[in-house]
Amino acid sequence: MSRFVNVAAAQLGPIARNETKKQVVDRLLAHLHQAKAMGVELVVFPELALTTFFPRWYVEDKAEFDAFYEREMPGPDTQILFDTAAKLGIGFYLGYAELAMEGGQLHRYNTSILVERNGQIVGKYRKVHLPGHAKDEPWRAFQHLEKYYFEPGDTFDVWQAYGGTIGMALCNDRRWSETYRIMGLKGVEMVLLGYNTPVHNPPAPEHDDLSMFHNHLVMQAGAYQNGTWVVGVAKAGNEEGIEMIGGSAIIAPSGEIVAACSTKGDELAIARCDLDLCNSYKTTTFNFEVHRRPEAYGLIANQRGVVRPW
Ligand code: ING
């Protein structure tokens, strides 16, 4: 038997610094309506989908950038997304900057939520792998200050939704095999992740021409090695002068790209995803219980960097 989920990768083109959240939410609503008209049940938006990618700039006082964060979810700017989703019977994954009061302290996270077709939040994830750097580095053509503007999360989780086991990740997480494997060990059948990926990586310009290859390589590998669908969705195009990759894609457990965006603007790529295709890999080549050897894997969980054995 097959458990189908009709999924849309809802790519966004650039979001200008002075674009209001209402203007952005209108773009997200347009995606929801178009996706619904095409039979979609789950819409996947990018990372930080409500604002421009503000970690590209340094400000001395982070409070200056508080307007880029959400204190509530849903909040005044986003409630209409949830109401529309419930009315249309369509759900979504949304990446956003979270400002959370915890124990009387203010915390900042790079966050995503999973919302079911009834408009209810079923899961929340806080980005574990924060790339870039924590201090202003003027030598760079542009900053990548995620380690300055966000605190890391520490958990990869999965949730029962859309008739299957759904996991979430964000951007740089997709480059780390541990991301998929932890969720794979929890039985994930579809990993949703948004990304904001500049073409140019100042510390390694020699990688720039490979940015799209690396983007798909890591998601296709993660899908195949864990017998899971992967949906990766870009905020793309020239955003405040910085060129960001597109390449949003829906990837089957085989590792094959079954749908992809071809522009760098607001675009839907849609696929009818059979969650039961995961079983062909989870019960054979990647039957973890039969084949994995955790006795040999200790370093992966217990050591951060390289230690040469001699
Ligand atoms: N962006 C980038 C990403 O991991 C990056 C950062 C770019 C890392 C290029 C390495 C190379 O796709 C975010 N937001 O994580």
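Analyst: A residue counts as buried when its relative accessible area is under 20%. The model is predicted.

User: Is tyrosine 162 buried or exposed?
Analyst: Tyrosine 162 sits in the loop between strand S7 (158-161) and strand S8 (164-170). Its relative accessibility is 4%. The cut-off for buried is under 20%, so tyrosine 162 counts as buried.

User: What is the phi of tyrosine 162?
Analyst: Most residues other than glycine have a negative phi. Tyrosine 162 is a residue other than glycine with a positive value, near 55°.

User: Where does cysteine 171 lie, and what is its phi?
Analyst: Cysteine 171 lies in the loop between S8 and helix H4 (177-184). At 5% relative accessibility, cysteine 171 counts as buried. Its phi is positive although the residue is not glycine, with a value near 45°.

User: How many Å apart are the end C-alpha atoms of helix H1 (residues 21-37)?
Analyst: H1 has 17 residues, and at 1.5 Å a residue these should span 24 Å.

User: Which strands and helix do the buried residues of H1 pack against?
Analyst: The buried residues of H1 include Val24, Leu28 and Leu32. The buried residues pack against strand S1 (4-11), strand S2 (42-44), S3, H2, strand S4 (91-102) and strand S15 (267-274).

Key: Residues are numbered from 1 along each chain as its sequence is written. This is a predicted model: local features need pLDDT of at least 70, side-chain atom pairs count only at pLDDT 80 or more; totals for chains, interfaces and linings use all residues. Side-chain values use heavy atoms; hydrogens and water are left out. Helices (H or I, at least four residues) and strands (E, at least two) are DSSP runs, numbered from the N terminus. Buried means under 20% relative accessible area, exposed over 50%, partly exposed in between (1.4 Å probe, protein chains only). The expected span of a helix is 1.5 Å times one less than its number of residues. Contact means heavy atoms within 4.5 Å.
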